[in-house]
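Reader: Could you walk me through this protein with a few questions and answers?

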Amino acid sequence: MIVLGSTSEVAQAFVEKALQEGEKYERIYLFTSNKEATERFAKHIDVKFLQQSEIIELDLTKEIKYFEFDYINSNVLFCATGYLGESTEDALYDNKNTERIIDINYSKLVPVMNYFAQKFESKRSGTIIGLSSVAGDRGRQSNFIYGSAKAAFTAYLSGLRNYLFEKKVHVLTVKPGFMATKMTEGLPLNPKLTATPKQAAECIYQAFKKQKNVAYVLPIWGVIMMIIRNIPEFIFKKLKL
C-alpha cells in the first residue's frame, strides 16, 4: 500500500482498519513531510501487526524526483494529503497562503497521483482512494480557496476513474465532511455532523471493499450537500456559509 499524507489521522486509522481486517501488504510506503511523526506510526504497526513499512519523505512544495519512486510496487494508493490553510479575510488575499493551499491539495499533488496511476494502469489492477472534501461540492465564502482546490481534485478523481475503468483500476472519491482531527482542532464543529478518524476509516474501508465510486463518511453530508448544490445562485450568493 502507498499512503500519501501518512501523518493524517484518517490515513493511519484506515491502515489500521485494513490490517485488522486481515489485508496483507508486503510493504506499506508511508509518504510524509513529517518524518518524525511518521516514524512513531511505523513503529506502531510494526509492533501491533508485524507490518513492514518504509518512510519516504515527500514535500509537495519542493521539487519531486520521481525516479526515486521507480522501485515501488503496490496495488492500493491511499491519498490523504491535504492543507486547510488560513481562511481569515486577510489570509484570503495572501498569495503565499493561496499558493500553498492549491499546491498541496491539487497542483503539486496530481502529478504524484498520475505517476502511480500509470503504474497501476500498466498492471491493469489496483485501487486508488482519494480524500477530497464536501468543501469542493460548491464554493462558499468561508473557505472558497480550499474549496476550489478540492473541487478540482474531485473532478480529477472523477476523470481518472472514468479513464482507468477499462484498465481494471478502480478510483474511490471520499468526501469526509467535518472531521475531528488536528487540522480542524479549535474550529466550532457541530458534533452531530463530525466524524472521528475511526468512523471515517470504517466507512472508507467498506467503500473500498464494495468498490464504490463516491462515499460520504457520514451519509447526512450527502443530503446536506445535495441541498446546498441546488440552492439557486441568486439566493446562495446572499447566504453566510
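This is a predicted model: local features need pLDDT of at least 70, side-chain atom pairs count only at pLDDT 80 or more; totals for chains, interfaces and linings use all residues.

Reader: Leaving aside neighbours within four places in sequence, which residues is Thr-98 in contact with?

Author: Contact means heavy atoms within 4.5 Å. Thr-98 sits in helix 4 (residues 95-107); helices are DSSP runs of H or I with at least four residues, strands are runs of E with at least two, and both are numbered from the N terminus. Apart from those sequence neighbours, Thr-98 touches Ala-91, Leu-92 and Ile-145.

Reader: Is Thr-98 buried or exposed?

Author: Buried means under 20% relative accessible area, exposed over 50%, and partly exposed in between (1.4 Å probe, protein chains only). Thr-98 has a relative accessible area of 15%, so the residue is buried.

Reader: Which residues of helix 2 are buried?

Author: Helix 2 covers residues 35-49. Seen down the helix 2 axis, the buried residues fall within an arc of 140 degrees, so they line one face; the arc is that of the directions from the helix axis to the C-beta atoms. They are Ala-37, Thr-38, Phe-41, Ala-42 and Ile-45.

Reader: Which exposed residues does the face of helix 2 turned away from its buried side carry?

Author: Residues three or four places apart in an α-helix point the same way, because there are 3.6 residues a turn. On helix 2, the face turned away from the buried side carries Glu-36, Arg-40, Lys-43 and Val-47.

How values were computed. Residues are numbered from 1 along each chain as its sequence is written. Side-chain values use heavy atoms; hydrogens and water are left out. The expected span of a helix is 1.5 Å times one less than its number of residues.
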